[in-house]
Each structure stands twice: as C-alpha cells, then as structure tokens.
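User: Could you walk me through reading the sheet and the core in a model like this one?

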Amino acid sequence: MAGETLLKVQGVETYYGNIRALSGVDVEVHKGEIVSLIGANGAGKSTLMMTICGSPQARTGQVIFDGEDITKLPTHLIARRRIAQSPEGRRIFPRMTVLENLQMGANLDNLKYFKEDVEKVFVMFPRLKERQSQRGGTLSGGEQQMLSIGRALMSRPKLLLLDEPSLGLAPLIVKGIFEAIKKLNKEEGLTVFLVEQNAFAALKLSDRAYVMVNGRVTMSGSGKELLANPEVRAAYLEGGRH
Amino acid sequence: MAYTTENNQSGVMTKAIKEGIFAGVIALGMFLLFVGIETYQDINNQLVWRTRWGLLGVFVAVAAIGRFVTVGFIKPHLDSRKLAKAKTGVLEISDEKGFFRTHFLKIALIFLLCYPFLAMLIFGRQGSLKYVDNFGIQILIYVMLAWGLNIVVGLAGLLDLGYVAFYAVGAYSYALLSAHFGFSFWLLLPMAGILAALWGIILGFPVLRLRGDYLAIVTLAFGEIIRLVLINWTDVTRGTFGISGIEKATFFGIWSFDVGAANNFNKAWGLPSSSVYYKMFLFYIILALCMLTAYVTIRLRRMPIGRAWEALREDEIACRSLGINTVTTKLTAFATGAMFGGFAGSFFAARQGFVSPESFVFLESAVILAIVVLGGMGSLTGIAIAAVVMVGGTELLREMEFLKHVFGPDFTPELYRMLLFGLAMVIVMLFKPRGFVGTREPTAFLKERKAVSGSFTKEGHG
C-alpha cells in the first residue's frame with residue numbers, strides 16, 4: 001500500500017485569532033490509501049481538514065499536495081488541484097435539485113464528463129437517482145450525505161476529504177456510506193482522508209489512522225493496530241458504539 | 001354529525017364577531033391620532049387642527065368588517081377546500097395546465113407588441129398617451145429594473161438596497177454625456193450600461209466579504225452616497241435643479257422626434273403631429289430592452305457563471321470547496337445587475353428629458369426590491385406580474401376620482417399609495433410566502449424536463 005505521498009502536512013500550526021488550534025501537526029497520505037483522523041470533540045480534526053483546504057490558512061508549516069506547496073493558495077484554487085471535500089454539515093445547496101447539486105461538482109471540467117459521472121454516482125447511491133429532480137433541502141440526512149459525497153466525486157478528485165460523514169446518521173446508513181467509500185477506494189483507487197468521531201467504524205475502514213488530542217497528533221499506526229491499542233480503546237472505543 | 005357542524009358554525013360566527021370587534025378597536029386606537037385628527041395651517045399661518053371622524057369611521061369599519069369576513073367566511077372556505085383536496089389525494093400541483101397557462105408567455109408577448117396600437121384604437125390618439133406612457137412605459141421600466149436587481153438578489157442572493165444608484169448612474173451618464181458631447185442615445189445606451197457596470201464593480205469590491213444584513217446596510221449607504229454626490233456636486237450635476245432639456249432618442253439616427261427637426265418622424269411619414277408616436281417608439285425600445293434582460297438572464301442561468309450565482313446564494317463555503325472563485329462570481333453579479341440598471345437609467349433620462357436626484361431616492365430601491373420579492377425571487381414571470389400589479393396599481397390610484405365622492409373632496413388617493421403598497425405586500429406574503437411564482441425551473445436535466453414545485457420546499461411548515 002505504500003504508494004507515493006499524495007498529501008503531506010508538515011509542522012502545521014493554525015490559529016483562530018490568537019488561539020492556537022493546531023500545533024505542529026504532521027500527517028501524510030499516500031496514493032490509494034484510506035487514512036482517518038480520530039479524536040474527541042474540539043481536538044482540531046475539522047480545523048486540520050479546513051487548513052488543508054486553505055480556510056483558515058496555516059500560519060507556519062506546509063501543506064504539500066502532489067509535490068506542490070498549496071499552503072497559501074485560496075480555497076477555490078486548492079479545489080481546482082482536485083482536492084474534493086465533503087464538508088462538515090454536508091453543505092449541499094438546499095434549493096437546487098439533486099441533479100443541479102451534482103452539476104455544480106462537475107463545474108471544474110465545464111460538464112465535460114457530467115453524464116458519465118452522474119451515472120457512476122447513481123450506481124453508487126441509487127437513492128439519489130430516485131430523487132434526482134427533488135430539491136437538496138428536502139432529502140433526509142443520509143441522502144444529503146450521499147449527495148455531498150457524490151457532488152465531491154463529480155470533480156474527479158485525486159484526494160477526497162470527508163469531514164464527519166457519519167454525523168447525525170443512523171448506524172445502518174453510516175454502514176452503507178462507509179461501504180461505498182471502501183468500494184470507491186478498492187475499485188477506483190481513490191485516496192480518501194477521513195475525519196471521524198465514530199472511531200470504531202473509521203478504524204475498521206482505514207489503512208492507517210492518526211489520533212488527535214488538543215491540536216496535536218499523539219498516535220498513529222495502521223487501523224488494526226490502533227483498534228487493538230489499549231489507550232485508544234479506553235479513550236475512544238470502550239463504552240462507545242460497537 | 002349535523003349537530004357538530006352546526007355547533008361549529010355558530011362557534012365560528014361568534015369568533016368572527018369577537019375578532020371583528022377586536023380588530024375594530026385596534027384600528028380605532030391606531031388611527032385615532034393619525035386619521036381622526038388632522039393638522040393644517042390656517043390663513044394666519046397658524047397650525048390648527050380639525051377632526052375627521054367620518055374618515056376614521058371608514059377606516060375602523062374596513063378593519064372590523066374585513067376581519068369579520070376573513071374569520072367568518074374566507075378562512076372556513078379555504079380550510080374546507082384544503083380538506084377536500086387532502087381527501088381526494090390530489091396534489092396541489094398538477095401537470096395539466098389550461099391553454100392560457102401553457103401559452104401565457106406567448107400571449108403576453110403578443111399582447112405587449114400590439115398594446116400601443118390597441119390603446120390608440122380604443123382611446124384615440126391623445127387618449128392613448130396616458131396608457132402607453134404612464135402605464136406601459138412606466139411599468140416596463142420597473143420590470144426591467146426588477147429583472148436587473150433579480151440577478152443580484154434573486155440569483156446571486158446578494159441583498160442590494162442601493163440598486164437605484166446604478167439607475168442614477170445610467171440616467172446621469174446619458175444626461176451629461178449627451179449635453180456635453182452631443183452623443184446620440186444609441187451610442188450612450190451601451191455606454192451608460194458599461195459605466196453602471198463599472199460602478200457595480202466599484203461597489204462590489206469593498207463588500208466582497210459581507211453577506212446578508214451587513215451587505216444590505218453598505219449597499220444602502222452606497223445608494224445614498226451617489227444621491228448626495230448628485231445633489232452636492234453642483235458644478236457638474238446642477239444639484240437639485242437637475243438637468244433638463246435632455247435630447248430625445250432618435251429613430252436609429254434616421255428620423256428625429258424633435259418637432260423642429262428637418263427629418264421629423266411625423267412629417268416624414270405624413271402623420272399628424274403628436275407626441276404619441278414618440279411614446280410608442282419609446283414603448284418598443286423599453287420592451288426590447290426588457291426582452292434583452294430576460295434573454296440574458298435565462299441564458300446566463302444555464303451557463304457556468306449563472307449556476308455559480310445560484311450556488312453562491314445557497315452556500316458560499318461549499319462554492320469555494322467546489323473550485324468556484326467567489327470573488328469574480330460576486331463581482332460579475334453586481335456588474336451584470338448594475339448594467340441593466342444603467343440601461344434603464346439612460347432610457348429613463350431620454351424619456352423624461354429631465355433628471356434630478358429626486359428620482360433616485362431610497363424609496364425607489366425599496367419599491368424595486370419589493371417587486372422582486374413579491375414576484376418570487378428568481379422568477380422572471382412572477383416579477384413581471386408583481387411590477388404590473390404594484391406600479392400599475394399605483395398609477396390606477398390616480399384615476400380613482402370617484403373615491404373623492406366617498407371620502408370627501410380633500411381625499412387624494414395617491415397619498416395612500418404606500419399604505420396600499422404595504423397592505424398588498426402583507427397579503428401576498430401571507431398567502432404566497434415565496435412570491436407570486438414560487439417555483440424554480442431547474443437547469444439540469446437528464447431526460448425530461450420537470451418543474452420542481454415550491455410545494456416540495458421547506459417554508460417553516462410541511
């Protein structure tokens with residue numbers, strides 16, 4: 001699995017005003033991997049995700065994507081480097097139809113591959129096909145998450161960033177979404193970087209994982225290692241959902 | 001069963017009477033000082049007051065009876081209709097529309113094309129002047145302004161309370177450039193649009209980071225700044241005196257509408273001298289400009305920039321994460337909207353022959369915005385209907401001479417324009433919270449076109 005490095009986060013420190021949210025974070029994602037980042041509320045997981053996307057930008061340190069330093073690029077230019085994001089809270093366009101939402105994802109190539117890619121998304125999430133002319137805001141939470149991931153995939157990304165895809169969803173739906181991610185990774189070789197609070201599901205899915213506490217990465221290893229690690233078990237898994 | 005309905009009905013009636021009296025009392029309290037007592041100056045220039053109990057009585061009666069009828073008859077009727085619909089299981093939207101509704105746009109366009117001639121046939125040459133100018137041109141100017149603002153507010157979701165500034169820029173561009181350099185209408189029309197678009201970008205830059213209420217305040221201030229500059233920069237704009245004697249539009253430079261000109265249109269065609277032909281010509285110009293606005297809006301919505309505007313309205317952060325440059329997207333929205341405002345402004349100057357800062361007060365911005373909101377943000381048809389109702393309605397008020405017989409000779413219906421405007425807005429918002437046309441035509445299709453009904457969208461309930 002040790003492909004070449006796709007994303008490298010090096011000594012990144014991010015501030016909100018004067019408050020330091022990330023301190024010296026190092027994370028690496030290789031091509032073809034699923035890497036997850038787990039941690040408690042307020043650990044800085046989402047901040048790292050947003051720092052990769054350039055909003056807020058890292059004050060020190062570097063974010064290197066595919067050999068290029070993207071630390072100081074504006075968000076839309078980072079997105080054009082084919083880093084697709086399914087942001088926290090899904091952020092679909094509520095008054096636009098499912099199809100229009102997907103169309104927005106295909107904007108980077110000016111809809112060149114739109115029809116082809118829509119079919120792919122519909123195969124992956126048949127529910128979206130049923131609801132294609134319905135407005136985004138009227139979908140259920142799980143469907144919105146599917147739409148958010150589908151929209152991200154429409155840009156033919158090299159790296160897919162998922163911020164809490166399980167947030168507020170029923171376990172069965174989470175399972176379905178995680179299976180879809182796994183399948184994408186296996187069949188299309190898509191690289192995925194995932195932020196999750198649902199540590200158990202995330203670790204099971206991932207090739208490698210990082211544990212974040214108070215803005216620092218405190219532990220890393222393969223998904224299996226971390227699942228077996230007593231500290232991780234005590235902090236994130238015991239008494240949690242299995 | 002019969003017993004309960006009867007009981008219900010008498011219950012409804014008691015409730016209606018109660019609410020009617022209550023509404024009457026509130027109206028009495030509200031209007032007692034505003035309507036019941038009037039202050040005026042007598043011959044000695046002293047401020048004295050007199051009472052108008054009759055008028056106050058009318059106000060209170062309207063409120064009380066209106067509330068009684070609403071609660072007692074209209075609401076039960078609507079409820080029973082809704083219930084019946086729910087029972088039959090027929091959704092409120094059906095794909096079958098009548099002939100009139102499917103061909104509404106074509107019929108409307110044909111009607112508009114014939115409108116000046118129809119007016120002339122029915123009311124005679126001089127009689128039609130009012131209908132072509134006060135109704136036709138006036139309404140179409142507002143349609144165009146509202147369609148222009150619709151790009152900024154309805155599509156891109158940027159609340160702009162200073163839209164009239166661009167209208168003013170267009171009008172003064174035409175007035176000043178034609179006076180100083182003698183450029184013709186047809187040269188200055190696009191120039192006014194470009195200048196207004198430039199001002200749109202100038203406004204756009206400082207407000208790039210603002211949204212919602214903050215943006216509204218800054219745009220409001222921008223509108224006022226432009227107006228104050230027009231008032232105070234007297235060397236150029238002649239301040240509150242305004243600029244008069246603005247050149248008329250010509251028939252593409254071939255014929256002039258100036259009475260003294262050698263190539264006078266009326267003479268060239270052997271028509272009797274009357275300003276009605278000029279007005280008809282203006283009517284067709286503004287109609288063409290409106291069509292241009294509509295065409296551009298419809299085309300843009302299907303292009304990447306138009307899609308980006310709509311996405312921007314929905315979620316700015318998601319837009320950026322999809323690679324959309326929100327800076328250029330916002331600026332193009334401001335510039336495009338402002339450009340149409342500029343076109344309308346230069347047309348306005350050519351039509352009036354006179355511009356002054358008084359035509360570009362905040363109230364104008366508010367009226368244009370109200371038309372956009374009432375029509376249903378984003379819907380061209382809805383906005384056009386709203387403009388006809390609102391602007392046409394206020395023009396109609398001028399015609400209501402008979403009201404003087406009811407309310408006394410001092411009654412001037414135009415003064416109640418804003419009251420009725422507000423009332424109409426409240427009523428529309430109560431019954432059609434998304435505006436006249438709340439449905440939005442989607443721009444993405446795989447196979448068939450399907451209008452997405454507003455009934456599927458959330459509006460607090462449902």
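Analyst: Here's a short walk through a sheet and then the cores. Keep in mind that this is a predicted model.

User: Let's begin with the sheet. What is the strand order in chain A's open sheet of 4 strands?
Analyst: Start by tracing which strand sits beside which. In chain A, the order reads β2-β1-β4-β5, and the pairing is antiparallel. The edges belong to β2 (19-30) and β5 (68-69) of chain A, and each has a single partner strand, so one side of each has no neighbour in the sheet.

User: How many bridges link β1 and β4 of chain A?
Analyst: Look for the bridges between the two strands. Strand β1 (residues 5-16) and strand β4 (residues 60-65) of chain A are joined in the antiparallel sense over 5 bridges. Take Val9(A): its bridge partner in β4(A) is Val63(A).

User: Which strands does helix α1 of chain A lie across?
Analyst: Helix α1 (residues 45-52) lies across β1, β2 and β4 of chain A, at about 70 degrees to β2(A).

User: Now chain B. How many helices and strands are there?
Analyst: Chain B has 17 helices and 4 strands. Of its 462 residues, 37% are buried.

User: Which residues touch the most other members of the largest nonpolar core?
Analyst: That core holds 171 residues, and the ones to look at are Met144(B), Ala146(B), Ile286(B), Ile371(B) and Ala387(B). Helix α4 (residues 104-155) of chain B gives the largest share, 19 residues. Beyond its neighbours within four places in sequence, Ile371(B) contacts residues including Tyr142(B), Ala146(B) and Met390(B). There's also a second, separate core of 7 residues, with Phe59(B) and Val60(B) among them.

Definitions and conventions. Residues numbered from 1 in each chain as written. Chains lettered and ligands numbered in written order. Predicted model: local features only at pLDDT ≥ 70, side-chain atom pairs only at ≥ 80, totals over all residues. Buried ≥ 20, exposed ≤ 12 C-beta atoms within 10 Å, placed from the backbone. Pairing = 2+ DSSP bridges. Contact = placed C-beta atoms within 7 Å. Axes fitted to C-alpha atoms, helices over the stretch in contact; angles between N-to-C directions. Core = buried A, V, L, I, M, F, W, Y, C linked by C-beta atoms within 7 Å.
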